[in-house]
Amino acid sequence: MKYFIITGASKGLGEGIALELLHEDHHLLCVSRNESQELKTMATAKNCQVDFFAFDLAFNQDIPRLCQLIFEKIDTAAATGIYLINNAGVIKPVDRVENCPPEEVETHLRVNLIAPMVLTIELMKRIRDLPIQKRILNISSGAATNPYYGWSSYCTGKAGLDMFSRCVATEQQDEKYPVESMGVAPGIIDTGMQTTIRGTSEEQFIHRKKFVELKETGQLIPPTLAGKRLASLLLSSDFKNGGIIDIRESY
Ligand SMILES: NC(=O)c1ccc[n+]([C@@H]2O[C@H](COP(=O)([O-])OP(=O)(O)OC[C@H]3O[C@@H](n4cnc5c(N)ncnc54)[C@H](OP(=O)(O)O)[C@@H]3O)[C@@H](O)[C@H]2O)c1
């Protein structure tokens with residue numbers, strides 16, 4: 001049995017990845033505030049076990065307890081692979097730095113950066129000695145390397161996540177049974193996050209028009225297609241420990 005802990009599988013890209021991983025030998029453990037009815041229905045049809053953990057990842061201090069509950073569902077002795085997909089994320093606050101409310105910046109970084117770090121810590125403590133495939137896929141963004149006007153929290157969080165991913169990889173590379181970690185920027189995907197971006201003003205985000213245009217000209221990538229690419233990368237030999245890649249040109 002392969003176990004997949006997926007954050008943010010209730011919609012968007014995370015749901016796209018989860019739908020692609022539905023298989024009778026897989027068990028999906030999904031963390032978000034809401035559930036995906038489509039994922040549950042499809043899971044039943046494909047005879048795949050899916051558990052949803054209703055959880056707000058901004059509450060970093062409760063993540064160790066959440067992981068305890070998740071691991072009650074994992075039979076580590078029977079596991080052939082354990083995977084963590086740090087996908088959940090938010091874009092707000094979108095505005096010039098001096099206009100961002102500090103409490104929104106803090107919540108943003110709790111969800112986009114600290115939660116993936118704490119989940120990684122809790123996972124690694126529990127699976128360190130398991131002689132099986134162990135992988136962490138961190139969903140990155142072009143914003144990790146390019147500063148966008150109005151996206152200071154998002155760019156900072158994603159840059160931090162990339163570096164965390166590389167640090168984990170560095171520590172693990174000489175382990176007998178390493179936990180492999182990779183960061184992947186998926187391209188511009190047609191999800192709720194894009195709706196939020198189009199809903200900002202030109203003053204808050206000067207590239208807004210370009211994003212509206214991408215939607216209107218059908219250039220956004222469907223989350224199911226991006227999910228397919230990411231799920232297949234996660235299980236393939238192309239998954240490279242320490243890699244940080246952008247797959248936007250691959251569609
Ligand atoms: N869309 C793009 O163009 C694009 C491009 C590059 C990278 N990405 C990255 O892709 C990932 C997924 O984004 P998306 O575009 O699919 O956005 P989305 O449609 O808004 O979905 C975000 C997901 O994250 C979850 N989430 C948000 N806040 C949460 C919280 N406090 N606690 C628990 N779960 C939370 C949401 O679940 P609930 O609301 O149910 O909690 C939802 O499942 C993000 O990391 C994003 O940065 C997206």
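## Core, sheet and ligand shell of a predicted model

The largest nonpolar core holds 57 residues, of which Phe4, Ile5, Ile6 and Ala18 touch the most other members. A nonpolar core is a set of buried Ala, Val, Leu, Ile, Met, Phe, Trp, Tyr and Cys residues joined through C-beta atoms within 7 Å. Buried here means that 20 or more other C-beta atoms lie within 10 Å of a residue's own; exposed means 12 or fewer, and partly exposed lies in between, with C-beta atoms placed from the backbone. In soluble globular proteins, nonpolar side chains tend to be buried together. Leaving out residues up to four places away in sequence, isoleucine 5 touches Leu29, Val31, Ile70, Tyr83 and Leu84; contact means C-beta atoms, placed from the backbone, within 7 Å.

This is a predicted model, in which local features need pLDDT of at least 70 and side-chain atom pairs count only at pLDDT 80 or more, while totals for chains, interfaces and linings use all residues. Residue numbers start from 1 along each chain as its sequence is written.

Strand 5 (residues 133–139) is mostly covered, with 6 of its 7 residues buried. Strands (E, at least two residues) and helices (H or I, at least four) are DSSP runs numbered from the N terminus. Strand 5 pairs with strand 4 (residues 81–86) in the parallel sense over 6 bridges, and isoleucine 82 stands opposite lysine 134 of strand 5. Pairing requires at least two DSSP bridges between the strands. Strand 5, helix 5 (residues 152–172) and strand 6 form a right-handed β-α-β unit. Right-handed means that, with the strands pointing away from the viewer, the path from the first strand over the helix to the second runs clockwise.

| Residue | C-beta neighbours inside 10 Å | Class |
|---|---|---|
| Asparagine 138 | 24 | buried |
| Aspartate 246 | 16 | partly exposed |
| Asparagine 47 | 10 | exposed |

Asparagine 138 is found in strand 5. Beyond four places in sequence, asparagine 138 is in contact with Asn86, Pro116, Leu161, Ser165, Ser181, Met182 and Gly183. Asparagine 138 and leucine 84 are 54 residues apart in sequence and 8.2 Å apart in space, C-alpha to C-alpha.

Aspartate 246 belongs to strand 7 (residues 244–246). From aspartate 246 to valine 184 the C-alpha distance is 5.7 Å, across 62 residues of sequence. Apart from residues up to four places away, aspartate 246 touches Gly142 and Ala185.

Asparagine 47 lies in the loop between helix 2 (37–45) and strand 3 (49–54). Its phi is near 55°, a positive value in a residue other than glycine. A cis peptide bond, with omega about 10°, joins lysine 92 and proline 93; proline 93 is in the loop between strand 4 and helix 4. Most residues other than glycine have a negative phi, and most peptide bonds are trans.

Around the ligand are 28 residues, with Gly8, Gly12, Arg33, Gly89 and Thr191 coming nearest. Helix 1 (12–20) and helix 6 (192–198) are the elements that give two or more residues to this shell. A residue is near a molecule if its C-beta atom, placed from the backbone, lies within 6 Å of it. The shell has 12 nonpolar, 13 polar and 3 charged residues. Ala, Val, Leu, Ile, Met, Phe, Trp, Tyr, Cys and Pro count as nonpolar, Asp, Glu, Lys and Arg as charged, and the others, including Gly, as polar.

How values were computed. Two residues are in contact if their C-beta atoms, placed from the backbone, lie within 7 Å.
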